[in-house]
Amino acid sequence: MTRSPGDAEVWIGQELHDLIEELYPICRSITGDGVRETLALLSRTAPIEVHEVPSGTEVLDWTVPDEWNVRDAYVADAEGRRVIDFRRSNLHLVNYSTPVRASMTLDELRPHLHTLPEQPDLVPYRTTYYERTWGFCLSQHELDELRPETYEVVIDATLEPGSLTYGEVVVEGSSDELVLVSAHCCHPSLCDDNLSGLVVAAELAGRMSSGPPPRRTHCFVFAPGTIGAITWLARNRVRASRIVAGLTLTCLGDDRPFTYKRTLDGSTAIDRAAAHVLGHRDDGSGLIDFFPNGYDERQYNSPGFRAPVGSMMRGRHGLFPEYHTSGDDLEFERPE
């Protein structure tokens with residue numbers, strides 16, 4: 001098929017969105033088979049090397065947790081009808097829930113149910129990575145329809161020693177100075193946060209891997225949020241000391257202008273480059289200062305590393321209504 005240069009944004013965006021559509025149903029977490037399946041799909045685009053770090057491994061002042069995998073989860077009413085169903089959406093299960101098989105009244109079940117009363121049509125995304133508990137998420141409308149009866153509650157999951165999985169692509173340059181590009185791969189069926197960052201990073205890694213060697217070495221990291229970046233830093237102290245510029249990529253598929261979050265220093269090369277590029281756009285794109293909440297730029301800028309890593313995004317986390325809800329779907333994220 002012959003494409004004109006003016007079609008480039010359209011067809012590249014559509015190809016990336018098609019890949020997101022494949023990735024969307026996978027139940028990802030900070031560990032488990034969902035991460036492996038995601039990296040396997042992304043490996044069709046870029047030559048990702050997969051690393052496994054055993055549970056219990058000390059990484060800086062953190063510890064790699066047990067691995068979590070889930071086969072099925074639901075709440076069924078007295079007639080056997082699944083009123084909350086993991087198979088319908090993996091957001092219905094609180095990520096990292098412990099195994100459960102019990103009968104409960106609605107009053108007993110309620111403390112384990114999470115909704116967004118101010119957004120009654122949406123299902124929230126919730127996790128319990130570091131506390132052994134369980135729960136389900138549903139819309140407020142669905143909760144309001146539950147009758148006061150006894151429910152069957154099933155979470156067919158495992159939480160046991162395994163490993164944390166992350167992916168890496170290294171494109172060697174003529175200099176050992178390192179440019180880092182990082183995208184988190186731990187969220188389940190959420191498109192903008194962060195399937196968008198994953199596919200953009202993979203596309204760039206694939207292009208650079210098959211192109212001429214860059215001047216600086218580039219490292220692309222596909223890791224679970226927080227614990228994954230900490231694990232990479234713990235295993236790559238020397239390489240991390242050579243980072244001269246970096247970006248975390250997230251929330252790139254919505255229709256908002258670009259926002260660049262500066263490094264902790266605020267005046268590094270990547271800060272100046274982002275200011276230059278976004279300063280030439282007339283769509284409202286802009287810059288914000290570093291703050292500790294957000295994505296893995298926090299880990300890369302942390303004491304002991306202070307790597308100059310900023311963050312590139314469109315929608316800012318927590319500031320758009322679809323954030324961490326079922327509204328962050330294939331309709332919200334757009335090919336263009």
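Tutor: A residue is called buried when its relative accessible area is under 20%, exposed when it is over 50%, and partly exposed in between. Please keep in mind that the model is predicted.

Student: Is leucine 60 buried, partly exposed or exposed?

Tutor: Leucine 60 lies in the loop between strand E2 (58-59) and strand E3 (62-63). Its relative accessibility is 33%.

Student: What is the phi of leucine 60?

Tutor: Most residues other than glycine have a negative phi. Leucine 60 is not a glycine, yet its phi is positive, at about 55°.

Student: Which residues does alanine 234 touch, leaving aside those up to four places away in sequence?

Tutor: Alanine 234 belongs to helix H6 (residues 227-235), and with a relative accessible area of 24% it is partly exposed. Between alanine 234 and valine 59 there are 175 residues of separation in sequence, but their C-alpha atoms are 5.4 Å apart in space. With residues up to four places away set aside, alanine 234 touches Val59 and Leu60.

Student: Which element gives the most residues to the lining of the largest pocket?

Tutor: The largest pocket has a volume of about 910 Å³. Of its 27 lining residues, the closest to the centre are Leu16, Val200, Leu252, Phe258 and Arg314. At least two lining residues each come from helix H1 (8-23), helix H5 (191-209) and strand E13 (243-249). The element that gives the most, with 7 residues, is H1.

Student: How many residues in the lining of the second largest pocket are charged?

Tutor: The second largest pocket has a volume of about 350 Å³. Among the 19 residues that line it, Tyr129, His187, Thr226, Gly294 and Arg298 are the closest to its centre. For the largest pocket, the lining divides into 14 nonpolar, 4 polar and 9 charged residues. For the second largest pocket, the lining has 9 nonpolar and 8 polar residues, and the number of charged residues is 2.

Student: What is the radius of gyration of the protein chain?

Tutor: The protein chain contains 9 helices and 16 strands, and its C-alpha atoms fill a box of roughly 65 × 45 × 40 Å along the principal axes. A compact globule of 336 residues would have a radius of gyration near 20 Å. The value for the protein chain agrees with this, at 21 Å.

Student: What percentage of contacts between residues at least 6 apart in sequence join residues at least 24 apart?

Tutor: Of the 336 residues of the protein chain, 55% count as buried. Among contacts between residues at least 6 apart in sequence, the share that joins residues at least 24 apart is 79%.

Methods. Residues are numbered from 1 along each chain as its sequence is written. This is a predicted model: local features need pLDDT of at least 70, side-chain atom pairs count only at pLDDT 80 or more; totals for chains, interfaces and linings use all residues. Side-chain values use heavy atoms; hydrogens and water are left out. On a 1 Å grid over the protein atoms alone, a cavity is a set of points where a 1.4 Å probe fits but cannot get out, and a pocket is an open set with protein on both sides within 12 Å along at least five of seven lines; lining residues have an atom within 4 Å of a point. Grid points are joined across faces, edges and corners, and a volume is the space filled by probe spheres set on the points. Helices (H or I, at least four residues) and strands (E, at least two) are DSSP runs, numbered from the N terminus. Ala, Val, Leu, Ile, Met, Phe, Trp, Tyr, Cys and Pro count as nonpolar, Asp, Glu, Lys and Arg as charged, and the others, Gly among them, as polar. Buried means under 20% relative accessible area, exposed over 50%, partly exposed in between (1.4 Å probe, protein chains only). The radius of gyration is taken over C-alpha atoms; the globule rule is 2.2 Å times the number of residues to the power 0.38. Contact means heavy atoms within 4.5 Å.
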